[in-house]
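Q: I'd like to learn how to read charged side chains in a model. Could you walk me through it?

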Amino acid sequence: MAKNLNIPELSFNHPERELHLYRYAKAREFVYGKVLDIACGWGYGSFMLKKPDTQVIGIDNDPQALAYARNHYTDIEFRQQDIEVEPLPTGDCIVCLETVEHLKYPEKFIDSIKKSANLIFLSTPCVPTVGANPDHLHDFTEDQLRNWFADWEIIYEENQIGIYKLICARRKN
């Protein structure tokens, strides 16, 4: 399924392509119920998260990417939203990949997603990238990520190629 997906920003030979596909495939192992794919971009990840028993809602602020997503993945709802300004809808799960490093107020956003779902699958670089990527506003350490979820149960962690940290946490009962 995923290997043949057309991803506008990631050509078939782009070095990041397999990493993106892997992250969504890994997140799919954990999600259930109503799933919010935050910063869904072109929608391929929302498509990958879809299972017979899930409702996936892709959220992004890029109208061009959302138009593509709506045209290619018609069984998924896509919403345009500024995630730093507008309140998030609630769901069972949130998937948020390579997003927090782009946000002006990442801690405020983390607090927001923790109020919006019971399970969060998140990934971000955990090495300095601010100087190398002009779109990155923050660098994070693995300890910072773990601290964001100190009051949650971390059920999965993975380092990806020594750069990215994947973490899945669920609300403690």
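This is a predicted model: local features need pLDDT of at least 70, side-chain atom pairs count only at pLDDT 80 or more; totals for chains, interfaces and linings use all residues.

Q: Which salt bridge do the side chains of Arg 146 and Glu 142 meet in, and at what N to O distance?

A: The general idea first: side chains of opposite charge can pair when their charged atoms come close. Here, Arg 146 and Glu 142 form a salt bridge at 3.0 Å, N to O. The two sit four residues apart in helix α5 (residues 142–148), so about one helical turn separates them.

Q: What else does Glu 142 form a salt bridge with?

A: Lys 165, with the closest N and O atoms 3.2 Å apart. Glu 142 is in helix α5 and Lys 165 in strand β7 (residues 164–171), so this pair ties together parts that are 23 residues apart in sequence. Shared partners join Glu 142, Asp 143, Arg 146, Glu 157 and Lys 165 into one network of salt bridges.

Q: Is Lys 165 buried or exposed?

A: Buried, because its relative accessible area is 3%, under the 20% cut-off.

Q: And which side chain of opposite charge is nearest to Glu 158?

A: That's Lys 26, 5.1 Å away; Glu 158 is buried yet has no salt bridge, because a salt bridge needs the nitrogen within 4 Å of a carboxyl oxygen. Instead, the side chain of Glu 158 makes a polar contact with that of Tyr 22, at 2.7 Å. Lys 26 does form a salt bridge with Glu 29, at 3.2 Å between the closest N and O atoms.

Definitions and conventions
Residues are numbered from 1 along each chain as its sequence is written. Side-chain values use heavy atoms; hydrogens and water are left out. Buried means under 20% relative accessible area, exposed over 50%, partly exposed in between (1.4 Å probe, protein chains only). Lys and Arg count as positive and Asp and Glu as negative; His and the chain ends are not counted. A polar contact is a pair of N or O atoms within 3.5 Å; within protein, one must be able to donate a hydrogen and the other to accept it, and residues adjacent in sequence count only if both atoms are side-chain atoms.
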